[in-house]
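Biologist: I should like to go through this model with you. Shall we begin with the confidence and then turn to particular residues?

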Amino acid sequence: MSWDEWEKLRSATGEGRPTGMRLNGLDGNGGAAAGSADLVVNQDDLGAIGHEAYLLHGRLSRDGDHARPSTFDASIALTNGNFTSGSELLKVHDRWSSQLRTLLDACARISNHLDYSKSVHAKDDADIGGRLLSTSKIDEYFK
């Protein structure tokens, strides 16, 4: 391919389209309609998800640890009886305990974060509303 052919192809592909850089934008030919939000979060949605995470945390705290003491006792009994499955059962016990703590921590983080987000957004909304109201009061004096 010669340089002239390359230049012709390059200019032909750029015809009719802007060649500038666009960051974080939509071209209007698809996706969300111009001016519409692509992410909407309602306070009720945050509250419902946070509440479910809180309930799951409570159920896991109560019900996720039922088998741990008997599993530990069984692993000790098997180990004392010279069964190799005793040490393997202890590994299962330890892994279950570790995974349960991780899951409980994740549920607590989700619940706490959503509660925090909900309160921060409510505070921000009130602050913005107050600023808009005070600005409209100032505008009255200039009329």
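Biologist: What does the chain average in pLDDT?

Modeller: The average is 77, and 69% of the residues score at least 70.

Biologist: Where does pLDDT stay under 50?

Modeller: That applies to residues 30–34, for which the model has 1 contact (heavy atoms within 4.5 Å) beyond four places in sequence. Where pLDDT is low, the predicted coordinates should not be read in detail.

Biologist: How many helices are there in the chain?

Modeller: There are 4 helices and 0 strands. Helix α3 covers residues 68–80 and reaches 18 Å from its first C-alpha to its last, close to the 18 Å expected; the expected span is 1.5 Å times one less than the number of residues. Asn-82, which follows α3, has a positive phi, near 65°.

Biologist: Turning to Ser-111, is it buried or exposed?

Modeller: Ser-111 counts as buried because its relative accessibility is 6%; buried means under 20% relative accessible area, exposed over 50%, and partly exposed in between, with a 1.4 Å probe and protein chains only. Ser-111 is placed in helix α4 (residues 85–141).

Biologist: Which residues does Ser-111 touch?

Modeller: Leaving aside residues up to four places away in sequence, Ser-111 touches Gly-50, Ala-53 and Tyr-54. Its side chain reaches the backbone oxygen of Gly-50 at 3.3 Å.

Biologist: How many salt bridges does a search of the whole structure find?

Modeller: The search finds 4, a salt bridge being a side-chain nitrogen of Lys or Arg within 4 Å of a carboxyl oxygen of Asp or Glu. One of them joins Asp-65 and Arg-68 at 2.9 Å, N to O. Asp-65 is partly exposed at 28% relative accessibility, and Arg-68 is partly exposed at 31%.

Biologist: And which residue forms a salt bridge with Glu-88?

Modeller: Lys-91 does, with the closest N and O atoms 3.4 Å apart. Both residues lie in helix α4, 3 residues apart, about one turn of the helix. Glu-88 is partly exposed at 42%, whereas Lys-91 counts as exposed at 51%.

Technical notes:
Residues are numbered from 1 along each chain as its sequence is written. This is a predicted model: local features need pLDDT of at least 70, side-chain atom pairs count only at pLDDT 80 or more; totals for chains, interfaces and linings use all residues. Side-chain values use heavy atoms; hydrogens and water are left out. Helices (H or I, at least four residues) and strands (E, at least two) are DSSP runs, numbered from the N terminus. pLDDT is the predictor's confidence in each residue, from 0 to 100. A polar contact is a pair of N or O atoms within 3.5 Å; within protein, one must be able to donate a hydrogen and the other to accept it, and residues adjacent in sequence count only if both atoms are side-chain atoms.
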